[in-house]
Amino acid sequence: TKEIFENKIMESAKAVAEEFEKKQIVKEYRHLLKSLKGNLDKADRKHIRLAFEMAAEAHQGMRRKSGEPYILHPLAVAKIVAGEIGLGPTAVIAALLHDVVEDTELTLEDIQREFGKPIAQIVDGLTKIKGVFDVSSGAQAENFRKVLVAMAEDVRVILIKIADRLHNMRTLDSMSRPKQMKIASETTYLYAPLAHRLGLYNIKGELEDLSLKFMQPDIYRDIAKKLAESKTKRTKYINEFVKPIKEVLNESGMKVEAYGRPKSISSIYNKMVKKGVRFEEVYDLFAIRIIVDAPPEIEKQECWKIYSFITDFYKPNPDRLRDWISTPKSTGYEALHITVMGPEGKWVEVQIRSKRMDEIAERGFAAHWKYKEGNIQESHIDDWLNKIRDMLNSPSTNALELVSDFKLNLFADEIYVFSPKGDSRLMPNKSTALDFAFEIHTALGLQCIGAKVNHRLVPLSHPLKNGDQVEIITSTKQKPHEDWLNFVVTAKARARIKDAFKEEKRKIAEQGKILLDKKLKHLEVILTNENLNVLMKEFMVNNITDLYYHIGLKTINLEDLDKAKILGGKFMFAKEKPATIHVIDFEQEVKQILAKNAEITIFGNELGAKVEYTLAKCCNPIPGDDVFGYVTATEGLKIHTTKCPNAIRLLGNQAHRVIATKWSKNHEVAFLTRLKIRGIDEVGVMSKITEVISGEMKMNIRSISIDTMDGIFEGDFMVYVNDTLQLEQVIQKLLALNGIQNVERIEKTATN
C-alpha cells in the first residue's frame with residue numbers, strides 16, 4: 001500500500017542519514033588526530049580513542065540546536081584545542097569530555113578511574129564554570145570568581161573554555177536573536193579579552209569579528225563586502241611593496257617569509273568609530289608580516305637587520321616604532337612593529353618576527369611552554385597568574401569590584417617601570433607611584449607618603465611613564481586614605497587599600513561593642529536581637545557592624561541610652577518592633593517580566609501597563625534601530641541600541657536585567673537626532689541642506705550649529721525623525737548634493 005511504501009522510504013532515508021552522520025563523526029575524529037601532528041605515543045592514542053568513545057556513548061541521541069549530533073561539538077572543541085591553540089593530549093582528552101559530567105550520566109570518578117587525576121581536575125574545573133553567565137543567574141559577578149579560581153589552578157581550563165566559546169560562536173546562527181545578542185556580548189565582554197591576555201591573538205580577533213557579526217550584522221556584512229571587493233587591489237599593492245624587500249633579504253642569505261594579512265573586521269570597525277571615518281578612509285586595512293628563520297641566539301639582531309633593510313626602501317614614521325623584542329608584552333608577545341610610507345603615499349604597518357616569536361604570537365600561552373628556558377615571556381605570564389591568585393586570596397568579598405578590577409587590568413596597555421636598583425616591573429599604563437609601591441610590597445604601599453620619579457619628588461597620584469625609575473618614600477605614621485581609591489589603577493593596590501580599611505573598621509567596631517556591652521550592663525539591659533534592632537533603627541544604621549563602628553568612633557553618643565523607658569522595674573527598650581521594610585526582589589521581578597513578555601513591544605499597549613521606560617541618552621535610539629531593554633534599579637526600563645557604548649557591558653555582565661524588545665509600527669512620535677554634515681563652504685549650501693530636510697523630507701529642524709575653516713564647513717543639525725528608514729533617506733539625499741562630503745548620525749546628542 002501507499003502507507004507501507006512511504007514508511008519504507010522514511011526508514012531508508014533515516015538509515016542513510018544515520019550512516020552519513022557516522023561517517024561525518026569518524027571523519028572529524030581523524031581530523032582531530034591529524035591536528036595533533038602525529039606527536040602521539042601509543043598510550044596517548046589509546047586514551048584519546050577511549051575518551052572519544054566514552055563521549056560518543058554518553059552523548060548518544062543528543063543533538064545541538066542546529067540538529068547535528070552533539071558529539072560533533074566536543075570533537076570540534078578538541079580540534080581547536082590541538083590545532084589552533086596547540087595544547088597536547090591531556091587537554092584534548094579533557095576537551096572531548098568537557099560536557100559529560102554536566103549533561104550525561106558519567107561522573108568525575110569515572111573519568112579519574114580511566115584517565116587519572118589531572119584530567120579529572122580539568123573536567124571538574126570546566127564543569128564548575130559552565131553556565132556562570134547564564135541569563136537566569138543574577139549572581140554573574142559572584143560566579144565570575146569561579147572562572148578566576150579555575151584559571152589560577154590550571155590555565156588549560158580557560159583555554160578549553162575559550163575553544164568551547166569559539167566553536168559556539170562559529171555555530172551561533174541556529175540560535176534565536178536574543179540568545180545571539182547575549183552570547184555575543186559575553187564574548188566581547190570577557191572571552192575575547194581573556195584570549196588576548198593569554199596571547200591567542202587570532203582567536204581573539206575571530207571572537208570579536210563573530211560578536212560584531214551577530215550584534216551588528218549590517219555593519220559586519222558591509223565591511224566584509226568591501227574587504228572582499230578590494231582584495232585584488234590590496235594583493236597587488238602588497239606584492240609591489242614586498243618585492244624589493246624580499247629580493248635584498250634573499251641576497252643577504254636570510255630565510256624569510258613575507259606576506260600581507262588584512263586587519264580583522266572588528267578592528268577596522270573600531271578604528272572607523274574611534275576616528276570618525278568611513279571604510280575608505282581607514283589607511284591600515286592590512287599589515288605585512290616578515291618572519292625570519294633564525295636560531296634564538298641571533299634572532300634579535302636578524303630582526304633589526306630586516307628593519308634596516310626596510311627603512312632603506314621606505315621612510316619610517318618614528319612615532320610608530322614598537323619594540324617588543326627588547327621589552328616583550330606580558331603575554332609573551334615579541335616583535336618589531338614599524339610603520340613606513342609605502343608606494344602611492346600610503347602608510348603601511350610591518351611586523352617583524354622570528355619563527356619562534358611568530359609561534360608564540362599565534363598560540364600564546366601554549367607556545368610559551370614549548371620555549372620555557374628562563375625566557376622573559378615565561379616569568380611575565382606566570383606573574384600575571386600569580387596576581388590573579390593574589391586577588392582571589394584577598395579578604396574582599398565584593399565580586400563586582402573583583403570583576404571591575406580584573407577587567408581594568410585585562411585591557412590595560414603596559415609600561416616598564418624600574419626600581420632604584422634597576423629591577424623592572426611590568427605595570428598597567430597610567431599606573432601611579434602608589435600602584436608601584438603596592439606592586440613591590442603591601443607594607444610599602446600602606447606606608448607610602450610620596451615618591452621620587454627620575455630623582456624628582458612627586459605626589460602619590462603621579463602617573464608613571466614607560467622607563468621611569470621610581471623610589472618610594474615611606475613613613476611609619478602613614479595610614480591609607482579613602483581618596484587613594486580615586487587614583488590607583490591596579491587591582492592589587494585597590495584590594496590592599498580596601499583590606500586595610502576593613503581591618504581598621506573591624507578594630508574600631510570591636511571597641512564599640514565593648515563600650516556598648518559595658519553601657520547596657522550598667523543599665524541592666526540584656527543584649528538581645530530585639531534590642532539591637534531598636535538601636536539600629538534609633539541611630540539609623542544598616543547593620544550591627546556599623547552600629548558598633550559608629551559607637552567606637554564616638555559618632556553615636558551612648559549617653560542617649562539613658563532615655564530608655566522603665567518597664568517592670570528594669571530598663572528595657574520600647575517593645576514595639578521596627579516597621580518591616582519590604583525589599584523588592586529585583587531579579588525575581590525581572591524574571592516575571594521576562595516570563596510574561598517574551599518580546600515586549602516598545603510604545604505598545606502591553607508595555608505601558610507593566611513597566612516604565614525611557615530612551616537612554618547615551619545612544620538616543622529611534623524606531624528602526626536594533627534595540628534591547630534594560631531594567632534599571634530606579635528608573636524603570638531603559639531602551640538602548642545594540643551599538644550603544646554601554647551595550648556590551650549591560651548584555652555581557654547584567655544579562656539578567658535585559659529584556660528582548662522591538663519597535664511597534666508607530667510613526668506618530670518624532671525623535672531628536674543629531675546629524676553631522678561636512679562639505680565645501682560655498683554660497684547657498686545651507687539653503688540646499690535645509691531645503692532637503694524641511695522641504696523634501698518634511699522634517700523639523702530644532703537647531704543648527706555651523707563652523708567653517710579654510711573653505712570647509714562642519715555643521716551639527718538637530719532634527720526630528722520618525723525612524724531609521726526616514727533617517728537613511730535624508731542622509732542619502734544630502735550626500736547627493738554637490739559639495740557634501742560626509743553625513744553621519746551622532747548617536748550621543750549634545751542636548752536633550
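This is a predicted model: local features need pLDDT of at least 70, side-chain atom pairs count only at pLDDT 80 or more; totals for chains, interfaces and linings use all residues.

Trainee: What share of the residues counts as buried?

Mentor: Of the 752 residues in the chain, 47% are counted as buried. The chain exposes about 39,300 Å², and 51% of that area is supplied by carbon and sulfur atoms.

Trainee: Among contacts between residues at least 6 apart in sequence, what percentage joins residues at least 24 apart?

Mentor: The figure is 67% for this chain.

Trainee: How should the span of helix α9 be checked?

Mentor: One compares an expected span with the distance between the end C-alpha atoms. Helix α9 covers residues 156-170, and its 15 residues, at 1.5 Å a residue, should span 21 Å. Its end C-alpha atoms are 21 Å apart, so the two values agree.

Trainee: Is α9 mostly covered or mostly uncovered?

Mentor: As a general idea, an α-helix has 3.6 residues a turn, so residues three or four places apart point the same way. In the present case α9 is mostly covered, with 12 of its 15 residues buried.

Trainee: How many aromatic pairs does the structure hold, and how is one of them described?

Mentor: The structure holds 7 aromatic pairs. One of them joins Tyr 237 and Phe 286 edge-to-face, at 6.1 Å centre to centre and with 65° between the planes. This pair links distant parts of the chain: Tyr 237 belongs to helix α13 (residues 231-251) and Phe 286 to strand β2 (residues 286-292), 49 residues apart. Both Tyr 237 and Phe 286 are buried.

Trainee: What is the geometry of the pair formed by Trp 324 and Tyr 333?

Mentor: Trp 324 and Tyr 333 are also edge-to-face, 6.0 Å centre to centre, with 70° between the planes. Tyr 333 has a relative accessible area of 6% and is therefore buried, whereas Trp 324, at 21%, is partly exposed. The cut-off for buried is under 20%. Ring pairs also link Tyr 201 with Trp 324 and Tyr 333 in a cluster.

Trainee: Which charged residues lie over rings, and at what distance?

Mentor: Lys 346 lies over the face of Tyr 237, 5.1 Å from the ring centre. Likewise, the charged end of Lys 505 sits over the ring of Tyr 549, at 5.3 Å from its centre.

Technical notes
Residues are numbered from 1 along each chain as its sequence is written. Side-chain values use heavy atoms; hydrogens and water are left out. Helices (H or I, at least four residues) and strands (E, at least two) are DSSP runs, numbered from the N terminus. The expected span of a helix is 1.5 Å times one less than its number of residues. Buried means under 20% relative accessible area, exposed over 50%, partly exposed in between (1.4 Å probe, protein chains only). Rings of Phe, Tyr and Trp (its six-membered ring) pair if their centres lie within 6.5 Å; planes under 30 degrees apart count as stacked, over 60 as edge-to-face and the rest as tilted. A charge sits over a ring if NZ of Lys or CZ of Arg is within 6 Å of the ring centre and within 35 degrees of the ring normal. Contact means heavy atoms within 4.5 Å. Accessible areas come from the Shrake-Rupley method with a 1.4 Å probe; for residues, only the protein chains shown count as cover.
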